[in-house]
Amino acid sequence: MSRFLNFDTLSLHAGQTVDPVFGARATPIYQTTSYVFPDTDTASSIFNLERGGHAYSRITNPTVGVLEQRIAALEGGSAAVCTASGMAATFCAITAILGQGDHIVASTQMYGGNISLMKNTLPRFGITATFVDPTDTGGFRDAIQDNTRLIYGELIGNPGLDILDLEAIAKIGGDHHVPFMVDATFNTPYLCRCFDYGANVTVHSVTKWMGGHGAAIGGAVVDGGNFDWGATDKYPTITEPYAPFSGINLWEEFGPSAFATRIRAEAMRDIGPSMSPMNAFLLLQGIETLSLRMDKHLSNTAELLDYLTGHEQVSWVSHPSLPSHSSHKLAQKYLPKGAGSIVSFGVKGGREAGKTFIENVELASHLANVGDAKTLIIHPATTTHSRIDADALVAAGITEDMIRLSVGLEDVADIKADFETGFRAAKRVAKG
Amino acid sequence: MYFAVNGKQVFATTGGKPFDNSKPTVIFLHGSGLDHTFWGLHARFFAFRNYSVLVPDLPGHTNSEGPPLTTIEAIADWLNDVVKTLDINNISLVAHSQGCLDALEFASRFPERLKSVSFIASGLATPVNEALISAAENDPEAAIAMMLGWGFGPAGQLHQGPIPGNSMVAGGRKVMRGNVPAELAADLRACDAYKNGKQAAAAIQAPAQVILAGKDRMAPRKAGLELVAHLPDPEVTIIEESGHMVPQEAPDRCRQLLRDFIFKNNPTR
Ligand SMILES: Cc1ncc(COP(=O)(O)O)c(C=O)c1O
């Protein structure tokens, strides 16, 4: 191994050294809370961040560590911290650097949980947000205030599927010494490595395509290692001494992984949203086949886009790989392999027809998730985005007739046949 | 901390404790294109064992003011200026890769305050092929890929790191991106030009330690053993499973070896 390993190889091997005791080839599940220290000096040096090693599974765990290093490797980041869920990852990533009086510029088109976090929850802790249209790149610049400490968005917006202009927004962040954090759940590092375009941190709901089997909830924060925290005094949690670890200066001592180390040292210790070793194992199993699955997600998506755009019961179809989509050009630039496997479309006949379609398909599962190996459908206006108000709904591009489809790995002929059943039922309703 | 040497700002970490020149001091020297973060955990370990620690960025590198120095001899002179500026006594020098050439020169020419010197992953010379030097100047990403590709052994290529969740190879890449093209090219040229290794090694009086790596492709075993052969009476260890980046790839073993050697030769009160 005298050169960097490629993506598919890293998906299988990164982060793991074969178990030296029994030679287990799969990553062992270290289902333990804590670790016996060989001596007091080792114990104290682990506690004082003088050496790596495990003390307590809320902070680090060997199985979770393999997943973290694998995700860091695939993403090209200097370090990753895995969390109990994607939302926990987002919360930890934001609060690692923001506090009372700080401000976020965020995209309007995001997962409902992200919007609610920034609109309802974080303001209770003194962190406010301004939401801007992700297609109006200049809007990110215009919304920056003196107290702005973060730019946040999803590369592929949810559910309108607008694509962020990563390079342009990263430049705006760089000009203002503000890091650019991207929720990369919908793209995964297989479709786009956001750090290559200047993003500074990515967060993932590993629950989704990365894990890929709908079996375990999990999140990850990846430190791009490419933000110069020391260039300003805006980020004291990274650049000022941190009392709990004898006044450690994370920026001085950890440089490119200072941000991730802050999450490890603070959030995992004082808040504790840790991932379980069992979930880490399940998610690792998924990542082993990430590229294979993504290719199939994409080819099924392409076929279904053909099918839906030609279907008489469909009033509109939205996906960035369609020339009609407003983000088509950006998708070609940032997501050349394909712009993910979420499709939204409208069923002719409005709200009732949409509802009937969902109730009559059998193979596609009606549920609130995306990125499963199985095909999923949902009506966002009444579910995932129901907790946000009407204005935000419009801003997020959600219409009453919208169905969001997460294309699975089934034989695409079976998905089409299933949809035919749904469309036939919807047609009867539409006719009245 | 920042301090001025010959009118230029120098940055050094002190391992998380204030610098105190009345204590025995461990000075860590990084290799080509790298910086202080290479030594993070090791520096902290000694700082919390009653040593003073100094981990400078070489001139031009990361936080230290440039321009980069262009010869190994000049770096040794600069290090002596650092030592005099801070009035450091009872020094244990710990060096990796190019840092070892700097240490050879320093230890042979400025023995007065030196209590011990630890050479990690180096020989008496570091010939650098012209393709790498020209890549450093004209295609820094390619040069970084060559150096980290060759530099890290299996643990590095598998994105292991001294701390769970960290990828040392990715971290190294981010650091090096801040030190190209000028610093890396200057470092590599300085390495390539250095020819005084044999004489310098033979002149070293302080107790010396050599830690080599079995899977080192930058400073292969044969080259490392030449260094061993020319030092008066070094303590030698070969860590078989490690690649060139020993302090990161085999951090626990490396720390133990440094600890035992420095505690013995430069004890704290
Ligand atoms: C884009 C995006 N980010 C974050 C999340 C939250 O992730 P989790 O459900 O793992 O907490 C989701 C979940 O749907 C999501 O779609």
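## Sheet in chain A

In this predicted model, five strands of chain A form an open sheet with mixed pairing, ordered E8-E9-E12-E11-E10. Strands E8 (314-318) and E10 (365-366) of chain A are the edges, each pairing on one side only. Strands are DSSP runs (E, at least two residues) and helices likewise (H or I, at least four), numbered from the N terminus. Two strands pair if DSSP finds at least two bridges between them.

Strand E11 (376-378) of chain A runs antiparallel to strand E12 (402-406) of chain A, with three bridges joining them. A:Leu376 has A:Ser406 as its bridge partner in E12(A).

## Helices on the sheet

Helix H17 (412-431) of chain A packs on the sheet. It touches E8, E9, E11 and E12 of chain A (contact: heavy atoms within 4.5 Å). Its direction makes about 25° with that of E9(A). Helix H15 (350-360) of chain A lies across E9 (342-347), E10, E11 and E12 of chain A, at about 125° to E9(A). Angles run from 0 to 180 degrees between N-to-C directions, with axes fitted to C-alpha atoms, for helices over the stretch in contact.

## Lining of the largest pocket

Four helices each supply at least two lining residues: H2 (40-47) and H3 (62-75) of chain A, and H11 (246-249) and H12 (251-265) of chain B. H3(A) gives the largest share, five residues. Lining residues have an atom within 4 Å of a point of the pocket, an open set on a 1 Å grid where a 1.4 Å probe fits, with protein on both sides within 12 Å along at least five of seven lines.

## Basis

Residues are numbered from 1 along each chain, and chains are lettered from A in the order written. Local features need pLDDT of at least 70, side-chain atom pairs count only at pLDDT 80 or more, and totals for linings use all residues; side-chain values use heavy atoms, without hydrogens and water.
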